[in-house]
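Subject: Structure handover

Hi,

Here is the structure you were waiting for. Please open it next to this email and read along.

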Amino acid sequence: MTDETLPTRPERVVRGERGRRGGLLFLRDVLVVVVIALLVAFLVKTFVVRSFYIPSGSMENTLQVNDKILVNELQPSVFPLSRGDVVVFRDPGGWLPKSPPVVRDPVAQAADTALTFVGLSASDSDDHLVKRLIGLPGDHVVCCDAAGRITVNGTAIHEPYIVIPPGQKNAATLAFDVTVPKGRIWVMGDNRYDSQDSSRNQALPGHGFVPLDHVVGRASVISWPVSRWTWLDDYPDVFRGVEEKKE
């Protein structure tokens with residue numbers, strides 16, 4: 001047998017090894033891309049935007065039960081909040097009833113945890129509240145005047161977004177006369193007679209005020225269902241005439 005007729009099997013083995021190595025390199029690149037994408041999604045969820053769903057009717061008709069909203073986390077961490085903003089915040093203590101533990105299929109639970117980690121789910125929505133910001137630190141907020149309106153720093157505000165049952169006129173179920181402390185806000189649901197808001201929690205140790213460090217961010221968009229997609233209005237005209245107060 002001459003050199004020209006030697007078997008070429010070793011060459012085929014080398015080619016096979018190269019093919020396997022190329023496949024491993026491809027899988028490595030895919031894994032790196034996935035990890036980077038997950039990291040970016042986690043950072044966006046942690047510092048920029050989060051998704052929440054609406055579990056109750058306290059913000060009707062602005063928000064409906066099971067709406068999903070996107071929350072801008074740069075407010076108030078980077079940019080200040082304004083009166084009229086719809087904000088999401090952690091329970092200041094005693095606002096929400098204790099929920100019984102939910103038993104889920106382990107696979108479904110793992111999937112939901114992973115999606116929550118990257119901001120595509122909102123499994124902790126039941127631990128948060130969403131309300132409209134009425135009083136900033138230093139504001140004097142009173143309910144109600146003779147016409148049933150809330151006043152902020154002595155200026156009565158006309159609130160077109162609120163729901164009041166027939167036969168009622170007051171913009172809150174309970175009277176209040178408060179000055180918002182430093183580092184706190186006063187919030188109310190748009191569905192005023194069906195909302196566990198600042199006015200309903202005055203008897204708690206926090207006296208109905210929400211610490212600013214409990215605020216996750218400002219709700220900016222209804223993202224789901226598609227038929228409900230819209231930007232959330234903060235109604236600047238409602239508060240335009242309100243005099244600013246120092247904390």
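Below is what turned up, from the whole chain down to single residues.

Ground rules first. This is a predicted model, where local features need pLDDT of at least 70 and side-chain atom pairs count only at pLDDT 80 or more, while totals for chains, interfaces and linings use all residues. Residues are numbered from 1 along each chain as its sequence is written, and side-chain values use heavy atoms, with hydrogens and water left out.

**Whole chain**

The chain has three helices and 12 strands. These are DSSP runs, numbered from the N terminus: helices are H or I with at least four residues, strands are E with at least two. Of the 247 residues, 37% are buried (under 20% relative accessible area; exposed is over 50%, partly exposed in between; 1.4 Å probe, protein chains only). The accessible surface is about 14500 Å² (Shrake-Rupley method, 1.4 Å probe). Carbon and sulfur atoms hold 60% of that surface. Take the contacts (heavy atoms within 4.5 Å) with a separation of 6 or more: 72% of them join residues 24 or more positions apart.

**Second largest pocket**

β1 (49–53) and β4 (128–135) each supply at least two lining residues. β4 gives the most, with four. By class, the lining has 11 nonpolar, eight polar and four charged residues. Here Ala, Val, Leu, Ile, Met, Phe, Trp, Tyr, Cys and Pro count as nonpolar, Asp, Glu, Lys and Arg as charged, and the others as polar.

**Disulfide**

The search of the whole structure finds one disulfide (cysteine sulfur atoms within 2.5 Å). C143 and C144 form it, with their sulfur atoms 1.7 Å apart. C143 is buried at 6% relative accessible area. C144 is partly exposed at 26%.

**D67**

D67 sits in the loop between β1 and β2 (68–72). Is D67 buried or exposed? It counts as buried, at 3% relative accessibility. Beyond its neighbours within four places in sequence, D67 contacts F52, Y53, I54, I222, W224, P225 and R228.

Best wishes
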